[in-house]
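Please look at the model below before reading on.

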Amino acid sequence: MPSAVELRDITKRFPGVVANDGVRFEAAEGEVHALLGENGAGKSTLSNILTGLYRPDEGEIVLWGEPVSFASPRDALDAGIGMVHQHFRLVPPFTVAENVILGDHRGEGKKFMVHPRRIERNVAELGKRYRIAVDPRARIWQLSLGEQQRVEILKALYRQARILILDEPTAVLTPQEAESLFETLRVMADEGRTVIFISHKLHEVKAVADRVTVLRDGRTIDTVDTGSATPRSLAALMVGREVSLAERVERDGEIGAPVLEVRGLWAHGDRGGDALRGVDLQVRTGEIVAIAGVAGNGQRELAETITGMRAAADGQVVVDGRPLRGGDAREAIRAGIAHVPEDRLHTGVAPSLSIASNVVLKSYRGKQVTRGPLLRLRAIRDHAASLIRRYDVRGGGPELPARQLSGGNLQKVVLAREFHGDPRVLVVASPTRGLDVAAIETVHRYLRDAASSGVGVLLISEDLDEILALADRVAVIYEGAIVGEVDAGATTVEEIGLLMAGGAG
Amino acid sequence: MIRFERRLRQPGWLSVAVPVGSVIVAFGLMTLVLLATGHSPGHTFSRLLDTGFGSKVAINETFVSATPLLFTGLCAAVAFRMQLFNIGGEGQLYAGAILGAAAGIALGNHSGWLSVPAMIVAGAVGGAALALVPAILRAFLSTNEIITSLMLNYVAALVINYLIFDSQSYWRDTSSPTAKVFPQGKNLPEAANWPLAHVGGLYLPFGLLLGVVLAAVIWVLYTRTRFGFEVQVIGDSPRAATYAGMRTRRKILAVMALSGAVAGIGGASQDGDFRHTLDPRGLTAAGYGYAGIVIAALGRYNPFAVCLIAFLLGGLQNAGFALQGVDFPSGLVGVMQGLILFCALGGELLVRYRVRLGSRGAQRAEATA
Amino acid sequence: MLVAAGGINNAVLVVVLASAVVYGTPLLYAALGELLAERAGVLNLGVEGMMLVGAVMGFWAVQRTGSLLLAIGVAAVAGGAMALIHAFLVVTLRANQIVSGLALTIFAGAAGLSSYLGNDLNLADQPAKHAFSPFLPRSWRTADVVGPVLLNQSALVYASWVCVALVAVYLSRTRPGLNLRAVGESPAAADAMGINVVAYRYVHTVVGGAFAGVGGACFSLAITPQWVDGLTSGAGWIAIALVIFAFWRPTLCLVGAYFFGAFSGIPFTFQARGILSGVPPELFQSLPYVMTVVVLVLVSSAGARRRLGAPASLGTPYVREER
């Protein structure tokens, strides 16, 4: 098969990092080619170069034998490259049709005026041709993440993309939805398009791709046929050493009495409407309970309501048998609820403040660090230094602004602070998103240790592998309600996947 | 092609070099403006320096101009630190002047030394009360504080005019025959005149010293206390503050009240230090509140930097008043302040980013292509 | 009281409505301009300064050339030039939009460039050589109610209606308008689809400034008509608030502008007619400012939590290449 796209010795530097270091990559017409690598291996940078968002410092891009140079994303789009970003590039208040035609400047796009009726018709026809069902008049913010992803694919097809790049496309899908996405991708490849599938999940790569190129630390490690590779061999290529694939590890410690009880919890979402609809939950000491679900089904609201950041519309949060007033984070902290938030950079820490300040973010009123109304800055610094040593935070000392830490080290700072408060309950949301394998292992170890020491852990995650590796019980959330609860040791990905799509069906 | 790269470490010397550089560049741009409008920059600048800083007399006058700027600069710095854009310093200063004058008049000459602290407290209360209006609206109804605090400047200016020109108020002088024709405020009693420190030929207004002390207090409050810690966190990331259980609303009220109180004391100092009456024309013509924003931004909200910059801009303002005329057109001071602020904002970029001209790699790639 | 000696057209309500249109027009131009900039994601708090520079330069141009049309053009260019400074600072240099806008107001405002230019060009105390005035046939202008309110107006008023219609169509029905809204709502999405975010932000900020310049010129070429330092007296700020009340929609700007125009006109009308002469004039003069606060409170308590209509990226710089 002729080669559709070839990247020759691409190098891209950012201040302090070489994101791509002489990367070589080649994909043929009509193939699904996976780009496999850990978080931070340089996959996203490479795709941003290919779509004209970044300009490479060195190296060249060759499309169908012709060297090209992209001055802007528009050049890449015109050259036939379409991309589905991990965080969708859609305009939420726009209709589906408006999003699809956005930026089009050829053919129909030359016209100065936009006729909503006509573009809606065009988009509906396009959807019909590729069997991608979405209502062209719907507004993006009304759609589920799975539907939004279909809009992104339609956008690429509308612009006649011959090379389609998808960045971690299954992160927002149920396992069953992922299957159907894979079928769509196969159809597109059979039409002669090139699909570049970026992932760090081995079984997906095995399931969908013809070939795999593995990136590590910004370099190309190897390109292999999927048929001849095993998950274990791919993992070794990806991480650079033999790794134990996420497997269940038995913990010490006993599961005891209920420490966190959530009773009939209702809460409003940011756009109004009910984000939580009567959630009931129970976490016992020493237990890890996972909340599984497709992103956007009320997970963030659940974490925020339990930890007092959001007021409940109805229902109760009970810690150690005592109900909380709710809507008051300080009260929740006093009751022993620790919280590792989803957005660690802007919620978990104050990014411009020092590590030292962030370490006392919740305990700055405590006796150890204050003298009357004054802060004991020396004591705070010493405390931070000791936590930095104990939790092996790398990248700088107590005075370093938190935003300059890498994702993994930042998460260690958050965990260090939260554990240090001797919590009864730990609410963790997507604790390993964006981290590399070593950091993931560390975070998982900390969570297991916390449970072993008698803390009740509520793990909210969209990563089923993570959930199955850590949790004792799994509760599945769908549209703000718990639709099922299963024993993590005795369930399958398929069973949870069905629940994630809304339960019985 | 110009590119910006985020700096990993921000070198310390930049925080001094950038403001100094901005002032120099601003003077350069000012030169262009003067040339374009047919003035001699050399002449204008040398007169400006002479009149602002050239002699002990000039410096004494600059102290007079710098005093209100110090207060309004601190007022803006205190609020802006927490990303609360209180641009009502102007109106809060009037409010402080009104209540400060009332306290001075009410106590007369009988209470001796008590007049001065009473005026300070009254001024602070006036400024804080006015600042609490946008604060409450912001905290409880999430109303944009920029517009509300600004609108209240106009209202406060109308109130102060009303008190002297359109009513028989407590503040208005109704006894003397001239005052019946030309409305003016009552003269404050002797005891309400704030003391003046005399050091080696320089006269330091009491308000100026008070402002410097306030700057030190604010610095301690913001860098060394729990209150300041909360302000830092809220200013940096309101979500992190909510997460940590901080009471953001109370902090908005407290910081705005503090900010308004500082401006209000500045108003009382106008009564006690300089004008010795409630003087609507003089107060509303000066634009102290707006200059305060420039000062706070240039000082990067650091109270001590505000002291220094208030002095420098005080010299500029003093010279602006003294020289107003053919070769020193009105408006020049505002143009200067604006230019300095533009340059400081642009310079801020140099602190955060490294500027690269062209891109070696990309050029090489294109050459081989 | 309602129908006075001069017939219905002399009734207080009619006079107030007529002055609402007169005083609302500068607000309308300025608000339309600010709306365009904000739709691109650029908050420009320098409206007051841009209006004043537009006013002074427009007045200068009419005194020099005698052409009102040229004067409007000069005012637009002057306002646009001021906005260009802001655009450069916030788009290219990524400066804080709030502080930069305040800096622009200080630089260009009542104690800044506008005053400097007025002083330097000796414009104060000059009577206007030409001014915009009503031009429709006399019989139309004296028609009952609609005459004084709508027909006895200058070309600036009618042009402002055209501008409202043009901006409304531009935003909702044209491709650049669609792109503009995308840039304001989600610059990352617009960028990924090949739309030049920087260019859109520059162009609409500068055009917004031009509108503000014309708004300022309404004062110096039609309402006052002469040059006085600070003659806009806060209209620029009211225009910024107006964009919020109008939920970023041009047609609602029209309604809002006349609402606030009425409050701006009331002090003059009442004073001229001796209505409520016992009440201090400051009370009426403070109405536009107080009403701005009141309406802003009503609007924000109704929908601020959801930022009704506000472009999502308003006030934030867009940086593509950052890690």
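## Chain C against chain B

Between chain C and chain B, the rule finds five residue pairs in polar contact, both residues at pLDDT 80 or more. A polar contact is a pair of N or O atoms within 3.5 Å; within protein, one must be able to donate a hydrogen and the other to accept it, and residues adjacent in sequence count only if both atoms are side-chain atoms. On the side of chain C that touches chain B, at least two residues each come from α3 (68–92), α4 (97–108), α5 (113–120), α12 (235–245), α14 (281–285) and α15 (287–303). Helices (H or I, at least four residues) and strands (E, at least two) are DSSP runs, numbered from the N terminus. By class, this side of chain C has 29 nonpolar, 13 polar and eight charged residues. Ala, Val, Leu, Ile, Met, Phe, Trp, Tyr, Cys and Pro count as nonpolar, Asp, Glu, Lys and Arg as charged, and the others, Gly among them, as polar.

Of the area that chain C buries against chain B, 17% is supplied by C:I106, C:Y116 and C:E282, more than any other three residues.

## How the model is described

This is a predicted model, in which local features need pLDDT of at least 70 and side-chain atom pairs count only at pLDDT 80 or more, while totals for chains, interfaces and linings use all residues. Residues are numbered from 1 along each chain as its sequence is written, chains are lettered from A and ligands numbered from 1 in the order in which they are written, and side-chain values use heavy atoms, with hydrogens and water left out.

## Chain A against chain B

Chain A and chain B bury about 3200 Å² between them, and 55% of this lies on carbon and sulfur atoms. Three salt bridges are found across this interface of chain A and chain B. B:E230 pairs with A:R330 in a salt bridge whose closest N and O atoms are 3.9 Å apart. There are also 14 residue pairs in polar contact between chain A and chain B, both residues at pLDDT 80 or more.

## Helices in chain C

Helix α8 (residues 155–173) of chain C packs against helix α13 (residues 250–273) of chain C at an angle of about 150°, with the axes 8 Å apart. Axes are lines fitted to C-alpha atoms, for helices over the stretch in contact, and angles run from 0 to 180 degrees between N-to-C directions. α8(C) is therefore roughly antiparallel to α13(C). Angles under 35 degrees count as roughly parallel, over 145 as roughly antiparallel, 65 to 115 as roughly perpendicular and the rest as oblique.

The axes of α9 (residues 175–185) and α11 (residues 197–223) of chain C come within 10 Å and cross at roughly 100°, so α9(C) and α11(C) are roughly perpendicular to each other. By class, their contact (heavy atoms within 4.5 Å) has five nonpolar, two polar and one charged residues.

## A salt bridge within chain A

Over all chains the count comes to 40 salt bridges. In one of them, the side chains of A:K43 and A:E168 meet at 3.4 Å, N to O. This pair links distant parts of the chain, 125 residues apart: A:K43 is in helix α1 (residues 43–50), and A:E168 is in the loop between β7 (163–167) and α6 (175–190) of chain A.

Key:
Buried area = accessible area lost by both parts, 1.4 Å probe. Salt bridge = Lys/Arg side-chain N within 4 Å of Asp/Glu carboxyl O.
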